Amino acid sequence: MRDFLIIYVNGRRHEVRGRRAFQSLSHFLRYDLGLIGTKVVCAEGDCGSCTVFVGRHEGDKLTYRTVTSCIQFLYQLDCTHIVTIEGLKYDGQLNPVQQAMVKCQGSQCGFCTPGIVVSMCAMFEKKRDVNADDLRGALVGNLCRCTGYDSIVKSGLAVDTTTLRRLDDLYPPDAIVSDLIKTAGESVRVTDQKTFFKAVTIDEAARFRAENPDCMIISGGTDVGVQMNKCLRDPRSILSLAGMQALRGIEVKDDAIVAGANATIAEMEAFTRDVLPEYSRLLYYFGSPPIKNAATIGGNVGNGSPIADSIPAIYAMNGEVELVGTSGSRRVNIHDYYTGYKKTVQKPDELIARVIIPLPKAGETLKLYKISRRKDLDISAFTAAIWMRHRGNSIDDVRIVYGGVAANILRLRQTEDFLRGQAFTLSNLQHAGKIARSEVKPISDVRGSADYRLQLGENILTKFFIDVSGTTSGNGNGWNDGNGNGNGNGHSVDPTLEGIAGEVH
Amino acid sequence: MAEKTTTEAPAAAPTEKPPVPQAALPKNGAEKPKTDTQTYPVGIAGVKIEEEERKVPATEAPPLPINEKLAVIGKPTPRVDGRAKVTGAAKYSADINLPGMLFAKLITSTVPHAIIKSIDTSAAEKHPAFRAIHMLDRDRSAAQTEEEKKDNWPRVRYVGQPLGAVCAPTQAHADDIARLVKITYEQKPFVVDPDKAKEPNAPIIFQGNAEQAGTAGGGGGPKDVKQNGNVRGPVAKGEADKAEIAFNSADVTVELDFRTQVQTHCALETHGLVADWKPDMLTVWASTQGTSSVRDELAAVFNLKKSQVRVITEYMGGGFGAKFGAGNYGVLATHLSKKANAPVRLMLDRREEHLCVGNRPSSIQKLKIGAKKDGTLVAMRLQSYGTAGVGTGAGASGPTQNLYTCPAIYTEDSDVFTNAGPSSAFRAPGHPQGAFSLEQGIDSLAEKLKMDPLALRDKIDDSEARREERRIGAERIGWKDRKPAGSDAGPIKRGIGVAQAIWYRIMNRDSHCDVRITQDGSVEFLSGVQDIGTGIRTALAQIVAETLGLKPTDITVKIGDTNYPQGPNSGGSVTTNSISPVARNAAWAAREQFLGQVAPALGVSADELEMADGRVFPKNNPNQSLTFKQAAKKMKVEQVAARGDRSDDYESKKGPRGKGAGGLGGVQFCQVAVDTSTGHIKVEKVVAVHDCGRPINPMGVKSQVNGGVIQGISYALFENRILDRNTGVMVNTNLEQYKIAGSREMPEIDAQLIEQYWGKSSTDAAGIGEPATVATAACVANAVYNAIGVRITQIPMTPAVVLEALASKQKASA
Ligand SMILES: Cc1cc2nc3c(=O)[nH]c(=O)nc-3n(C[C@H](O)[C@H](O)[C@H](O)COP(=O)(O)OP(=O)(O)OC[C@H]3O[C@@H](n4cnc5c(N)ncnc54)[C@H](O)[C@@H]3O)c2cc1C
Ligand code: FES
Ligand code: FES
């Protein structure tokens, strides 16, 4: 067990001890290291001004992903290599992205510029031949108030890609990786008024959890980082799962997706592209590239927000959550997992190990909807997941799940009861919409009014019919009657945009 | 292209010749710079340029020809500070970290309306990290009544109002300590909704007349306005009766109501500064649009000589009108530095930034336009109420007053006080609101008259610049293919719209600089003026380079420091208009001294020498040349230096005539797609055609235009300050729920510039920051109308708003 963190920054090794180990990454960079190019604008992951690369070793490679450093804490980053804007020059000279940003006036006041350069470099790490849509997609997490993005996109298109070098070329991984391989297997515990524990095995994590029942679990930190920066949370003890290999990995087993709790949303999006495209398309609109690179499926489930995007599909597919604790593991059906607003059946020593999502079989359909005011980087106002099994033209079985209409994600049992055994027709779905409307009691908040949500709750079933049947037949009034329908983000993906948010090798 | 706009262009053509005595002077003024009558190009490049004479002060640099004939000015030039910005090396106020520096945190109010009964700081002072505390005696950013100036503590009038600040060695400690200060309030009834606040029995926010001290960047409405309850105003312009009578002669009238929301500035760098109080000198690193405005305010508050206050702004991360003066935060940081005897950094956090340092006021507008059958306007009337929170200056009548020729214009602007943060200047104060109503009104009028919206504007707008801009924009957006409103089949409907902007050629004569040339060939430009992202640093380098025959990168531009000669504030699009002629004049004067020094070495007289392409040579013998560096070595003194000052605009009454010609123009077009099933609006393309006199750096100007467009689109579709009417709390004080446009919401922007010459200064350049943002929201709304056939008179045009508008149209037609 170590009592300090090992963090490389721009190729240099740092050992971080005591109180300093509790800082956010952006704070560490700006104050301890004087790397002021990383800016903090919102401190909540929304603007991307603080974007940096985090390199983690995978086997003998370093894999770099961007994250928003304002909501990453150092204890999540033991045994990583951070590359900041200051570390992206080529031998002291501007790299091709930086050159293009100067040449094409990609910067105005310049406060967003370092974050934009990092995000753009990340895109080029993955893909060289890019178009304007790729660039806009890669910059979804970077706000700029000055330029209108036009000159930034033009800068991206003007990059001389022949002279681009990879991070592996700038920072030969061998020396760093051999150090990290030696040290990454060690757990870390630091106490300075507060305590954090970076667990490596499930066993020791469960034991720490049992000894510190009030401890805060942190995985990707995209929820708790925001809560801590807003001073909504100030835990005395923290359990970091970021180093647990056992919680990583995604596979298909027994016709179900079995995802380790530490699987990131970016990894889930990439993995499900083939096995459950509907899910992948939904996750495409989750947060932004740096958020998806940090956020985990375990964290999304663990946070248990009624508007979390990954969860409605787990309900609709009748999935499960696998919990592990000091006395072994157990699987809980998702419908039994939440007992109230952000309350679960999880025992004090337990944590989420895996999330299981059964795949739709032949004759089964799954549709997912995420509706927000803005398409990109916006928390949902309303979500829906609808699973249906057909027999001929009739509905054999159905599960309808709404988010954003109650304190928890809601299963619409009365609506389901009505539909079961009915013919799959527009009028039946429209009638079901009326029942759905009476079954939900949404509230008004900043993301949308209760009326708007009620209307969406009703219309989404009509939209489902149209999406599945590809027709509006049987109703002269049509579905675009001006009363509002689901956004159907899940259906408007431009295939050329895919593959930007994923990981970087 | 050019032949379309003939020399007989109506109304706006510069037909009036200046009645100057025709002194027999050589045209090539460059040879005889000390004359007092010069000839200037006047008109629009590519349309018509004439030569006109102006009487100018003898200290002025000679006239420049149009951009086409210049080497550096008018050529797209990458920003000279680009490298510092793309590498993260550029140091902003938020990055200043001095040895021993303390961090401060504001103490803000938690209730919307109250009198402070007591303040208990004992718990805070006991904290081991406590260093100092200071409480304000008043809210320096808000309006105030005469009576309360005697109070010890500020009246609390909104949630999040700064009351004081503490400092400690780390930000986390300062945050903790600020929470330990206990304030006891006597709460009073409050109101945050302007409609409610207008009612006679609403809680009164200011007992007695309230005035808001304006800052250099605006904010603060007109003074001595009558006040009735929470309504301050109206401030009327024009004659009401005359307009009423004129309406009777109209063949058609349109009457429409509009609503616009409160928008916060959302500069990425928040307000704030680092103050370092030393017994003989106060040094401040401020994120400001006016170094001298910060100096002046701090000198006044702390009773210092202006020479004892130094304000530095090397880089700053956006202001958009809100960053002038020292503000509550600046005064607090300085008090804390003085008390703690250490430098103090006070940068606001994002929540505070939304709450207490300004916003664009809302508006509730009633517009009436009357016209003859042929489109000729006969009368316009606008009544506008807006809330600037606890500030003043919510007027929206600028565009109605100034954009179109109309014999009877009557406007009334009123402020409605509410328990919300004060407004401040925001990119073209009042104008995006006013254009949102006026430009939709003009489109409605065109529809009633069965006229094309562009043809109507050709009829009623006498600005020569906008005429050309309409022509260019119409061609680029494909106006001729525009379809009738709401005619697309299917749920996704597309439309094209247009809207116009007006802004004014404003300048500040308090603009000065030095240009120095040293023996080693280095050239420096020094002025207090600050580059807030607009690129003035680059423009100034270009002007000096042009004058000395050098490249912009040869010039070291040292700005943003009150130790240098007084510079103008950067607000209201005054900067380029104010400082660029000064740079030209100083560079010219330095050049004369320089040539005087090196002429003997070349064996000719100074006036026989020319400077170009980095060389100095006799005009009649270009082959006998020295490089600039070689020539500099020949100077007999180590350094020559010259001061530049801003003269008045040349014969300010001369120049283009007509109403529209008094200001700057700008015409924008856009194409939108509206998904009528979800209510989502996507702006697919923007063509923004603008003018700013002589563009110094087209690249920088276009960048400003793009910035105006994004803020306009964001205003039209997303942004909205939301206050909870039960608690007075702003519920979206972040960038998650307060949405600003992101990369995929923004379309391709086709920014086009025209070059318009007036013969008014030695550069003839004007600003562009404001005009670019005026027309956008109106333009989107007009395009949405063309798409769906329903006029949306309220912003932000969220999906819910669009769906509601579509539904009410259906109801109406059913
Ligand atoms: C800018 C931004 C955009 C976002 N956009 C979206 C979006 O579009 N859709 C959406 O759904 N969410 C969004 N989120 C929220 C967040 O990213 C997700 O909820 C994410 O999945 C959380 O994962 P994490 O690993 O970061 O969780 P953490 O913040 O690490 O943890 C979240 C919670 O889960 C608990 N937890 C974590 N892991 C475990 C475990 N293994 N066992 C038990 N409990 C655990 C933690 O204790 C904590 O309470 C966004 C957040 C930000 C900052
Ligand atoms: S500061 Fe905005 S994302 Fe980190
Ligand atoms: S350049 Fe100012 S925020 Fe992007």
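## The shell around ligand 1

Helix H13(A) gives the largest share of the shell around ligand 1, five residues; helices (H or I, at least four residues) and strands (E, at least two) are DSSP runs, numbered from the N terminus. This is a predicted model, in which local features need pLDDT of at least 70, side-chain atom pairs count only at pLDDT 80 or more, and totals for chains, interfaces and linings use all residues. Residues are numbered from 1 along each chain as its sequence is written, while chains are lettered from A and ligands numbered from 1 in the order in which they are written.

Ligand 1 is surrounded by 33 residues (a residue counts if its C-beta atom, placed from the backbone, lies within 6 Å of the molecule). The closest are Gly45(A), Gly220(A), Gly299(A), Asn300(A) and Gly302(A). Because domain 1 (4–87 + 169–240) and domain 3 (248–359) of chain A both contribute to this shell, ligand 1 lies between them; the domain bounds come from an automatic or database assignment.

## The contact between the chains

In chain B, 60 residues are in contact with 56 residues of chain A (C-beta atoms, placed from the backbone, within 7 Å). Helix H1 (82–86), helix H16 (698–717), strand E32 (748–754) and helix H19 (799–813) of chain B each supply at least two residues of the side that touches chain A.

## Contacts of Val784(B)

Not counting residues up to four places away in sequence, Val784(B) touches Gly495(B), Val672(B), Val674(B), Ile681(B), Ile792(B) and Met797(B).

Conventions:
Contact = placed C-beta atoms within 7 Å.
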